[in-house]
Amino acid sequence: MSRFLHSKFTSLTPYDTSEEVESMKGYIRLNTNESPFPPSPKAIEYAHKASAGLNYYPDPDCRKLAEALAAKNGIKPSNIVFGNGSDEILSFIFMALCERGAAFPDITYSFYKILADLHGVKYKTIPLREGFKILTEDYSDLNGRTIFIANPNAPTSLALDSGELELIISSNRDSLIVIDEAYADFLGKSAVRFIRKYDNVIIVRTFSKSRSLAGARLGWCMCCDEIARDIRTIKNAIAPYNVNAMTQAAALGSLEDEEYTRRNIAMICRVRDNTKSRLREMGFEVLDSSTNFLFAKHETIGGPKIYDALKKHRIIIRHFSEPFVLDDWNRITIGSAEQMQVFLEVLKGVVEREGR
Ligand code: PMP
């Protein structure tokens, strides 16, 4: 740490990306919930064409994208704001819309805590119940705190139904409810209709998962005009050109090729369900996933042991050492059918060697 760092950041713990960097080196990457499929050919073609115009700044409002997404979601372009990944959108929200604090489940996307600390937001964590479930009754008396719900949740892979979400929204009219739908395409449902009914909801989405564009960094949020204006003000004060021209073009290509995304989602869900059955046959407890990953625990072999054994075979999954209740569990991203075949074969050997 240099002597120039502001004292308010000296104890900040950032997101640990060391494993992502390491996993670039020829590993089967089942650790960051990316898509195993390349972007749509149309996305690649459009990005390539856009590269010729990189001497100009990009459209700061991503207008073509806003129009396309508004039409698909039955809302207005003014209801949409874009970010450099949905992480940036979440950062804007923590920075500007959490004056009375934040609240989120104790087991959820780990970045919420980091962003809260970064922006000096006090937060309350709400314990999950039996089976890693979010109970709507636990989301009351939150005194205007901004509530973050990843739906489906990560790393648990479980989803609330829309009735449960609406209960949280309607019983907390004093709070802003942020529904992080990073994995909603695998669930096949979105809560977007609530933004027409309630003025205290933000839906956050990403092109990183189902649309195979994690490397392009594009996220967006949908909310009522008033909140969208607030978020846009923050964005334009930090990084007006936060979404580069090639990314805007690639995303437009992806939106013009829905069939490609639909096929990939269907394939990932098929491979996921097959992997889940095979894991259960090997003695794993596996939660019923609504995402592109599985959350699993073996009946006798500890989580770190499985993680280490797979890593020796150049397969990387995700292990969480905190909180302690997660120590026996691992999160496994669904890769291609071929990758999952290799994963299952290696894992079978591990279970035969290590299991009791
Ligand atoms: N929300 C959740 C729940 C996530 O798992 C992720 C990906 N790690 C993100 C948001 C951020 O995704 P991105 O910044 O790539 O859009």
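In what order do the 4 strands of the open sheet with antiparallel pairing stand? The legends below take up this question first and then turn to other parts of the structure, which is a predicted model.

**View 1. The open sheet of 4 strands.** The strand order is S9-S10-S13-S12, and the pairing is antiparallel. Strand S9 (284–286) and strand S12 (318–319) stand at the edges, each having a single partner strand, so one side of each is left without a neighbour in the sheet. S9 is joined to S10 by 3 bridges, the two strands running antiparallel, and together S9 and S10 form a hairpin with 6 residues between them. Within this pair, Val-286 has Ala-296 of S10 as its bridge partner.

**View 2. Strand S10 and its pairing with strand S13.** Strand S10 (residues 293–298) and strand S13 (residues 329–333) run antiparallel and are joined by 5 bridges. Two of the facing positions can be followed in this view: Ala-296 stands opposite Asn-330 in S13, and Phe-293 stands opposite Thr-333 in S13. S10 is mostly covered, since 5 of its 6 residues are buried.

**View 3. The open sheet of 7 strands.** This sheet has the strand order S2-S8-S7-S6-S5-S3-S4, and its pairing is mixed. Strand S2 (80–83) and strand S4 (123–126) stand at the edges with a single partner strand each, so one side of each is left without a neighbour in the sheet. Direction ignored, neighbouring strands of this sheet are turned by 20° against each other on average.

**View 4. Strand S6 and its two partner strands.** Strand S5 (residues 146–150) and S6 run parallel and are joined by 4 bridges, and the bridge partner of Ile-147 in S6 is Ile-177. S6 is also joined by 4 bridges to strand S7 (residues 201–206), again in a parallel arrangement, and here Ile-177 stands opposite Val-201 in S7. In a regular strand the side chains alternate between the two faces of the sheet. Both faces of strand S6 (residues 177–180) are covered, as Ile-177 and Ile-179 on one side and Val-178 and Asp-180 on the other are all buried.

View 5. Helix H9 (residues 225–238) lies across S2, S7 and S8, running at about 30° to S2.

**View 6. The packing of helix H4 with helix H5.** Helix H4 (residues 86–96) and helix H5 (residues 111–118) have axes 9 Å apart and pack at an angle of about 45°. The two helices are therefore oblique to each other, and the crossing of H4 and H5 is right-handed. H4 contributes Asp-87, Leu-90, Ser-91 and Phe-94 to the contact, while H5 contributes Phe-111, Tyr-112, Leu-115 and Ala-116. By class, this contact of H4 with H5 comprises 6 nonpolar, 1 polar and 1 charged residues.

**View 7. The crossing of helix H2 with helix H10.** The axes of helix H2 (residues 41–50) and helix H10 (residues 245–255) come within 7 Å and cross at roughly 150°. Because angles over 145 degrees count as roughly antiparallel, H2 and H10 are therefore roughly antiparallel to each other. H2 passes H10 in a right-handed crossing. The contact is made by Lys-42, Ala-43, Tyr-46, Ala-47 and Ala-50 on the side of H2, and by Ala-245, Met-246, Ala-249, Ala-250, Leu-252, Gly-253 and Ser-254 on the side of H10. Sorted by class, the contact of H2 with H10 has 9 nonpolar, 2 polar and 1 charged residues.

Note on methods. Residues numbered from 1 in each chain as written. Predicted model: local features only at pLDDT ≥ 70, side-chain atom pairs only at ≥ 80, totals over all residues. Heavy atoms only, no water. Axes fitted to C-alpha atoms, helices over the stretch in contact; angles between N-to-C directions. Parallel < 35°, antiparallel > 145°, perpendicular 65-115°, else oblique. Left-handed = near helix turned anticlockwise from the far one by under 90°. Contact = heavy atoms within 4.5 Å. Nonpolar A, V, L, I, M, F, W, Y, C, P; charged D, E, K, R; others polar. Pairing = 2+ DSSP bridges. Buried < 20%, exposed > 50% of the residue type's maximum accessible area, 1.4 Å probe, protein only.
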